[in-house]
Amino acid sequence: MTAFLARRTLALGASVLLASFLVFLIPYVTPGDAARKIIRSRVAGEVVDESAVQALTVQLGIGDPLWVQYLRWLTRFAGGDMGLSYTSRTPVAEQVLPALWVTLSLVIVALGSAILLSILLGTIAALQEGQAADRVITTVTQGFIAIPEYWLAPMLVLVFALKLSVLPSAGWTGPASAVLPAAVLALRPTSHFTSAVREGVLDALGSQHVIAARSRGLDLRQTVLKHVVPNGLLPLTTMVAVWFAGLLGGSVIVEVIFAIPGMGRLLYDSVLNSDIPLAQGGVVVVVGLAVALTTAADLVHRILNPRLRGHHA
């Protein structure tokens, strides 16, 4: 386990460093003068005097080797200094952190709903394998994958916000604001989670310890609750982390449609406005958190899975 943890920690660090370096290169690979772009991220107000541009270029070390500039940028970033936004002229951190909290809240609600629903549906489908309930649940949940967010979101707004007037159509003003966007985000993971739970429960039902428990007189309900469901949920540990990481930066469509001030909307606006410091800060934070989540999920899965627990290599 120690060797596994060391390998995963090294992989995590390497992934974040690689992502941060690629993000650092954005001003150099996009059209325009890299020096001016970086200077604008540090200086409030428009710089029009060429002598001032040259002076700031020397001051900020723009002419230094690329690796020196990267280390200097990374050191500032690690200290919380993500630069200034081109458009708002405010520190990037002051925009990224609130947006991250909004997206985290939305994703937690969406995935929490998907997990609860998939545990219920997947367990029922497995216990009714081959019967009508199993076929209906499998068909309906698999159909969720074919429904695009950009179509479902307006439909939900039309029905629940405009027609029934029971939920807000946009904005982020309270718990009710999370219902419709969370429902849209939960659709696809519910499909995948239900399938995983069903397969996990079926495997658990056929395992030796479950058969032994049933032979000792333990009724079906107790067997399912104590042995089947816990073992059937093992595949979810990694899947939830992967989906969590994906939704952190992949909720752009939903956040734009519902006017939610989260990370997806922030990154979308930064690209539209060519706001490089804001895009850099947002991408590095999302990638770092995503890699950390998937690494933690791998560790938890390894601890909980008896077949992996004994492997220390």
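In the predicted model, helix H6 (residues 93–127) packs with helix H7 (residues 132–144) at an angle of about 140 degrees, their axes being 8 Å apart, where axes are lines fitted to C-alpha atoms over the stretch in contact and angles run from 0 to 180 degrees between N-to-C directions. H6 and H7 are therefore oblique to each other, since angles under 35 degrees count as roughly parallel, over 145 as roughly antiparallel, 65 to 115 as roughly perpendicular and the rest as oblique. Helices are DSSP runs (H or I) of at least four residues, numbered from the N terminus.

Val159, placed in H8, is partly exposed at a relative accessible area of 38% (buried means under 20%, exposed over 50%, partly exposed in between, with a 1.4 Å probe and protein chains only).

Ser165, in the loop between H8 and helix H9 (179–205), has a positive phi near 55 degrees and is exposed, with a relative accessible area of 56%.

Residues are numbered from 1 along each chain as its sequence is written. Local features need pLDDT of at least 70, side-chain atom pairs count only at pLDDT 80 or more, and totals for chains, interfaces and linings use all residues, while side-chain values use heavy atoms, with hydrogens and water left out.

Note on methods:
Helices (H or I, at least four residues) and strands (E, at least two) are DSSP runs, numbered from the N terminus.
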